[in-house]
Amino acid sequence: MIPERVLHPADEREAAQLLLAAQQAEDAVVPVGGATLLDVGNAPSRYAVAVATDRLTGIVEYNPGDLTIVVRAGTTLAEVEAELRPHRQFLSVQAPFPERATIGGTLAANVSGPLRLAYGSIRDAVIGTRVALPSGHVAKSGGRVVKNVAGYDLSKLFIGSFGTLGIIVEAAFKVFPLPLTRRALVVPAAGVSNAMDFAVGVARLGPGLLSLAVVNDRLAGVMQLEGASTIALLGGTAEATAELMAEICSQAPAQNVRVLDDSESDAVMQAMRDFPGRATVRLSARMSRPHVSAADSSSVEALSYPTIGTSFLFAPDWNGDNVTTLRRDAARSGGNVMVWRRSPALEHASTWGEVGTELTLMRAVKSVFDPQRIMSPGRFVGDI
Amino acid sequence: MRRFERDSTQLVAELVAVVGAEHLLHKPEDTIVYESDGTAERGIPTVVVLPDSAEQVEAVVRVARRHGLPIVPRGAGTGLSGGAVPDSGGVLIGTARMRRLLELDVRNQFAIVEPGMVNAELSALVARHNLFYAPDPSSQKACTIGGNVAENSGGPHCLMYGMTTNHILGLEIVTVDGERMWIGGANPDPVGYDLVGAIVGSEGTLALVTKIMVRLLPKPPATRTILAIFPTMDAACDAVSAIVSAGIVPAAMEMMDAVTTSAVEAAVHAGYPLDAGGILLVELDGTATTLAAQAASIEAVCRNHQVREVRVADRQEERDRLWAGRKGALGALGRLAPNYFIQDGVVPRTKLREVLQRVQEIGERYGLVVANVFHAGDGNLHPNILFDARTPGIRDWVRQAGAEILRVCVEAGGSITGEHGVGVDKQDYLAWMFTPVEIDVMRELKAAFDPQGILNPGKIFPGAKGCGEIQGVDRRLALAAMV
């Protein structure tokens, strides 16, 4: 969809003013960051104005000793990383194409990345946000300290809101010290089911595991790995990492564990980070069965995080029926399936699947922040 | 019969029909038991209902609504902000009978519990599966998971593991309309707005919680506790910053000042030197190899900051001994004064030293002794203002000194509360952190969930203090939260 015009507010106040003007003119607004995941969610039912955050950029505050950073929403993830790296710290959140992906967009799309196992999801990393609202106001929630229970935690409602409540203009994050050493291992398995079981078993080894993922045959081929595998990223002191590596190797089914060198490791981690940038379906379920049934296919590229319960699938041939079948399977364990990036064959598939009675409360939330329904109308679940 | 009495007879009859006569308290001598929490806030409920199930909670909400009465949820009553105090009267729903473990999924590491489950009991129940529930408020032997959800409670170990909100996967709630539903759940990427995130920490003002799905974590393979004794608080504060700067995130990092230490030593005999200026307690979770390396770095950091002595313990009994002083600290303060008023300010870690100095100055200016025992690793201060409530006029002074301390925290870029909640106690200070517009947005959210303002009224919002009956209690007394 193409908006009638694109606006580039210079600061948060101007962003809020633009929203107020749009509300008065009954213009629908879509906030735009790096546009790396802009087509995720339903196409908005109306789209008059794109509000770009490309001038709302820069680091607001960073004190390495506090392990917190405050950044404007249009800042790219790569820029944040560059700020943190000299202090041997990093942002636990990783999203596809960090040179373009912005903080605001990553929050709105609720992307956590490959390190969720060790560092939690994006909602665990955020300690405060500032948002521009259609009322013309800028509102803060949370703050800049790691512990804070004053007032409602409105930040949580904006994370994963896909631009339907307002525009995130600033966010404060917890950051983490970089592990002293990092090491990636690839453990090939006879099929995805075995690879997932292996990952779940290894997860019990606990601290030092930064990421545990499973790639199926087809994605392994794309990543130049030998068939379905578990990928483990380890981090910590050199001794602890070596010890953990030995432990994983001893549990591996065959003695063919590959320890990646630094450049191979970077390439694999980058491929994992960027994969949701082209995946067409996201499957979320604690039980491994739907993940196995989705990934065990020669026409699908699948990246699964079995200890989290999330898989991203690139399934160019899938149509709405495939989604419906998987959705039914996922629902049995309380999970769901989201059409992520919409391929032509998925044009008519329902994006979000079903929501229960809690939709009433979600509509109530929407009415608080965006009573006139100008923010990305129709993009979200239940046509919010 | 006067109308109120008739109504109240009717109310009692309807509630008895839901929970049975033995679980409905309405006589003054019974309801007064529920008049306060861990603060000195007071308010007597019209009735106390002790439901046994989510279905009963749902029915109780419908009854309360029909009678237009406020609803106040209550766990163990250990809260430190007045959040469970029914200061506008109404129906108090106690969760004491709803304390079952409903489901335990070891493979997927979650449990579903009822809100009255005691925090420490949950960890004990899952321990044989080598799992634990991470948030550990100091009151964990008494406080409930439901209360923790309401307040978004913390505890020493949230330095590494995060607050309650980071460990709640899903909630079964009853809305003010008496509608029961699940939000969130085992699904790692729930669809729609994060209602769980909004309700955790909402202090019982948005919905009632009837079931809680919690994340469980595998127990760390090894734990090491380090006690470091410093000549001054300044040196101890600098050591905290230096440990963080060295790239170490301990599981917990707690500090005690000399006032606290002297009381603790007299009570617990933890072996602390009485002339120590500041004591730092660091706990490390991880593999034995990692702990050895981290402990060596921490010792080196401490030596660079004038540490007098470092004690290290790995075995449970030894670690318990090092922790005994910290855990017994609040109780031990009773040796110094009959009452204390606990604060819960947060500051950026790098401002600890400066803010503690200002706290000290404030105490001196008011002629009040302040004992500090707190979560240094995440900058969460607990200055305890010591006083004797029998001294005429002292409560106002204590309250004023406490306000000044929180003001200093906010000016340093921090918060008025890190884990206790706003409740009644800190609502006057919310406006120091949020603009009127921001507070209005929060009010609108409240109104969207609870248009009539029935759920836990008089909490969080400035000027929201109960305007209902506060039977026979001097309002000013109620304002000074004393423990």
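Domain 3 and domain 4 of chain B bury about 1,500 Å² between them, with 60% of that area on carbon and sulfur atoms, where buried area is the accessible area (1.4 Å probe) that two parts lose on being put together, summed over both. Within domain 3 of chain B, the residues B:Asp234, B:Met255 and B:Leu330 supply 31% of the area buried against domain 4 of chain B, more than any other three residues. This is a predicted model, in which local features need pLDDT of at least 70 and side-chain atom pairs count only at pLDDT 80 or more, while totals for chains, interfaces and linings use all residues. Residues are numbered from 1 along each chain as its sequence is written, chains are lettered from A and ligands numbered from 1 in the order in which they are written, and side-chain values use heavy atoms, with hydrogens and water left out.

**Domains 3 and 4 of chain B**

- Chain B is divided into domain 1 (8-94), domain 2 (101-218), domain 3 (222-332) and domain 4 (337-482), with bounds that come from an automatic or database domain assignment.
- The C-alpha centres of domain 3 and domain 4 of chain B lie 28 Å apart, and 17 residues of domain 3 are in contact with 19 residues of domain 4, contact meaning heavy atoms within 4.5 Å.
- Across this interface there are 2 salt bridges, each defined as a side-chain nitrogen of Lys or Arg within 4 Å of a carboxyl oxygen of Asp or Glu.
- B:Arg353 forms a salt bridge with B:Asp238, in which the closest N and O atoms are 2.4 Å apart.

**Chain B against chain A**

- The contact takes 82 residues from chain B and 66 residues from chain A, and the area buried between the chains is about 6,100 Å², of which carbon and sulfur atoms give 60%.
- On the chain B side, B:Asp189, B:Val191 and B:Tyr193 supply 14% of the area buried against chain A, more than any other three residues.
- There are 3 salt bridges between chain B and chain A, and the side chains of B:Asp189 and A:Arg116 meet in a salt bridge (3.1 Å, N to O).
- Between the chains, 20 residue pairs are in polar contact (both at pLDDT 80 or more).

**Chain A**

- Chain A has 384 residues and a radius of gyration of 21 Å, which agrees with the value near 21 Å for a compact globule; the radius is taken over C-alpha atoms, and the globule rule is 2.2 Å times the number of residues to the power 0.38.
- Along its principal axes, the C-alpha trace of chain A spans about 65 × 50 × 35 Å.
- Chain A is divided into domain 1 (52-177) and domain 2 (181-346), whose C-alpha centres lie 26 Å apart.

Definitions and conventions: Polar contact = N/O pair within 3.5 Å; in protein donor to acceptor, adjacent residues only side chain to side chain.
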